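Hi,

Here is the structure I promised to pass on. Have a look at it first, and my notes on what turned up follow below.

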Amino acid sequence: MSDLRFDGQVVVVTGAGSGLGKAYALFFASRGASVVVNDLGGSLAGSGASAKAADAVVNEIVVAGGKAVANYNSVEDGAAIVDTAISAFGRIDIIINNAGILRDISFKNMKDADWDAVHAVHLKGAYKTTQAAWPHFRKQKYGRVIVTSSAAGLYGNFGQCNYSSAKAGLIGFGETLAKEGAKYNIFTNIIAPVAASRMTATVMPAEVLQYLAPEWVVPVVAVLVHPSNKTENGSIFEIGAGHAAKLRWERAGGALVKCDETMTPGAVLAKWADVNDFTKAAHPTTTADMVTYLRQSNALPPNPPGEDVRFDGRVAVV
Ligand code: NAI
């Protein structure tokens, strides 16, 4: 790890004015990268704007002898952020989609404005920023993308239906980019971090926060976006307190009821234990896996000779 460097690479870190984003920016600059420090500089709820947060991080990098420029656009205007990278450094290699806001409120009391603002920053922001970089990545046949999800997106969390749905959306977004980018050597991975920041300051006890330095998330992200990563693409990692663990989807063995008039609710209930039985679990990674599985379990007829069900490289209407 000590010798993983990023010399000559250009990294865009969104929301790099504080918390995790600041830790990424300082790290990449200290390892030789040129960094675009993007931050809108607003409140935790997403109101207001200021150049201060991004400027302070750029200043810290430059004083330490590193290379960085500030960008103050919202991630919703991702093209402007990528433009900053191209005009300052002439290229872009890595995007860390990290910017985020919170507007926690129970589902019962959720307002459209709270829903829309959170989705705009997290989901649309990652889409707009990464899409602006995509032609550069394709042309140079190289790109590394991090998408920031959350435990709330994986498991749901009380009072966060706006945030958790945006964060879950980012998982599908990242998994799809991984598939579309693979042949151009564009790798996308998804992280669910835990770190002490203004986001967690009021919801986690100080006793726990002291073990959650953002700097202890950074090395895992560095491994994922380094050119030496030739295997991890479309993976999900939970990272925090110096711990890192990969997650995957798991499908229970399931039950073949019948695809005729005997497929009734009662017949389903009779096999409910099998529907929920994880002792013969599978770990699907593509949409085609379900079709393959249905053929193997005789719910669908076998493939016609010489034909395989494949979705890669095609637009499938489901
Ligand atoms: P933070 O609040 O310290 O940092 C977020 C940064 O994003 C702020 O500097 C903010 O000004 C910036 N930002 C907000 N809206 C923006 C916009 N429209 N355009 C550009 N910049 C914008 O929070 P933290 O904890 O560092 O969060 C970083 C990411 O990690 C977020 O996506 C968050 O949802 C995610 N996350 C954090 C967890 C934690 O335990 N801290 C847990 C799970 C996910």
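For K167, an N or O atom of the side chain is 3.0 Å from a ligand oxygen. With A195 it is a polar backbone atom, 2.9 Å from an oxygen atom of the ligand. The ligand taken alone exposes 820 Å², and the protein buries 96% of that (Shrake-Rupley areas with a 1.4 Å probe; for residues, only the protein chains shown count as cover).

Before you read on: this is a predicted model, where local features need pLDDT of at least 70 and side-chain atom pairs count only at pLDDT 80 or more, while totals for chains, interfaces and linings use all residues. Residues are numbered from 1 along each chain as its sequence is written, and side-chain values use heavy atoms, with hydrogens and water left out.

Back to the ligand. There are 30 residues around it, and D39, N98, Y163, S197 and R198 come nearest (near means a heavy atom within 4 Å). By class the shell has eleven nonpolar, 16 polar and three charged residues; here Ala, Val, Leu, Ile, Met, Phe, Trp, Tyr, Cys and Pro count as nonpolar, Asp, Glu, Lys and Arg as charged, and the others, Gly among them, as polar. At least two shell residues come from each of α1 (19–30), α4 (112–140), α6 (161–181) and β6 (186–194). Helices (H or I, at least four residues) and strands (E, at least two) are DSSP runs, numbered from the N terminus.

What about the inside? The largest nonpolar core has 34 residues, and V12, I92 and F137 touch the most other members. Such a core is a set of buried Ala, Val, Leu, Ile, Met, Phe, Trp, Tyr and Cys residues joined through side-chain atoms within 4.5 Å; buried means under 20% relative accessible area, exposed over 50%, partly exposed in between (1.4 Å probe, protein chains only). α4 gives the largest share of this core, eight residues. Leaving out residues up to four places away in sequence, V12 touches V36, I81, A85, I92, I94, I95 and I96 (contact means heavy atoms within 4.5 Å). Another core, of 32 residues, lies apart from it, with F6, A33, A54 and A222 among them.

A polar atom of the N71 side chain lies 3.5 Å from the backbone oxygen of A80.

Lastly, some loops. Most residues other than glycine have a negative phi. N185, in the loop between α6 and β6, has a positive phi of about 60° although it is not a glycine. A241, in the loop between β7 (236–240) and β8 (243–247), also has a positive phi, of about 55°. N185 is partly exposed at 30% relative accessibility, and so is A241 at 42%. Y211, from the loop between α7 (206–209) and α8 (218–225), is in contact with A241 and W216, leaving aside its neighbours within four places in sequence.

Cheers

Notes
Polar contact = N/O pair within 3.5 Å; in protein donor to acceptor, adjacent residues only side chain to side chain.
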